Amino acid sequence: TGQAELEVLAAVLGRVRDPIVEQTALRYAIDRTNPLRRAAALDILDALDTPHARPVALDVLDESRDVNVRRAALRAVPEPQGASQDEAQRVVESLTQILANDTDPELRRRSAVMLGTWARNQQDLQPVINHLVGDSSVDVRAGAAFGLELSRSRDSAVLNALTRTVLNGGEDPLVRENAWKALGAISPLPLEAAKAYQAFQQERDALGEAGGG
C-alpha cells in the first residue's frame, strides 16, 4: 500500500508479460479509490507498452486531477505504431489540451514530445510550434524542439520556428541546442535554415575550444 512498495511492485510486474498482469493493471488504472495504486498500475502498463493502455490512459487524463496519476497516465500512452488516423485523433486532442491548459511543466513537456510522434499533419504540430516560442518553461520549450525533431516535418512553419530559435541568442542554450539538433534531423535545409545551423555549429565549436583551452 505504500508508495515505495508500489513502485517496486510496478517495476517487477512491468517485466512480466502475462495477460493476468495486464488485465489487473488495466482494472486498477481505472480505480479512483487509491491514487498511489492507480499510478503504479499505469506504470505497469507503461512498462508493458500495450496498446490496450491507450484508451484507459486517455480516460484517466480526462478525469483525474492528481498530478502523479496524470503523469503516469501520459507515460502509459504507447507509441503510435499500428494506430489508425481515427485512433490518433483522440490522442492528439488530449495532448493538445494538456499542452494548452495544464499547469504542470512536465506534463506539457511530455505532451509536446509525444505530439511530435502522434501528429498527422502540420495542423497537429502547430501547438508544439507555439510552445517552442511561447511557453514560460525552458523544459517545455526544449521538449517542443525535440518533438519537432521527432516529427521529421519539413513544413515551412516548422523550419521557420526552429531557425528563429537557433538564431535567438537570448534563448536558453538547451532550447537552442535542441532546435539545432532538430534542424539537423530534417536536413537537407533551405538556405536560411542551413546558414542558421552552420552558424550555431560554429558557435558550439568555439565554446568547445574555449572550454578545452
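Predicted model: local features only at pLDDT ≥ 70, side-chain atom pairs only at ≥ 80, totals over all residues.
Q: Is Gly143 buried or exposed?
A: Residues are numbered from 1 along each chain as its sequence is written, and side-chain values use heavy atoms, with hydrogens and water left out. Now, buried means under 20% relative accessible area, exposed over 50%, and partly exposed in between (1.4 Å probe, protein chains only). Gly143 has 4%, so it's buried.

Q: Which residues does Gly143 touch, not counting residues up to four places away in sequence?
A: Contact means heavy atoms within 4.5 Å. For Gly143 that gives Arg109, Ala112 and Val113, leaving out residues up to four places away in sequence.

Q: What joins the side chains of Arg108 and Asp135?
A: A polar contact is a pair of N or O atoms within 3.5 Å; within protein, one must be able to donate a hydrogen and the other to accept it, and residues adjacent in sequence count only if both atoms are side-chain atoms. Here you get one of 2.8 Å between the two side chains. Arg108 is buried too, at 8% relative accessible area.

Q: At what angle do α6 and α8 pack?
A: Axes are lines fitted to C-alpha atoms, for helices over the stretch in contact, and angles run from 0 to 180 degrees between N-to-C directions. Helix α6 (residues 85–101) meets helix α8 (residues 122–134) at about 20°, axes 10 Å apart. Val92 and Leu99 of α6 are among the residues making the contact, as are Pro127 and His131 of α8.

Key. Helix = DSSP H or I, 4+ residues; strand = E, 2+ residues; numbered from the N terminus.
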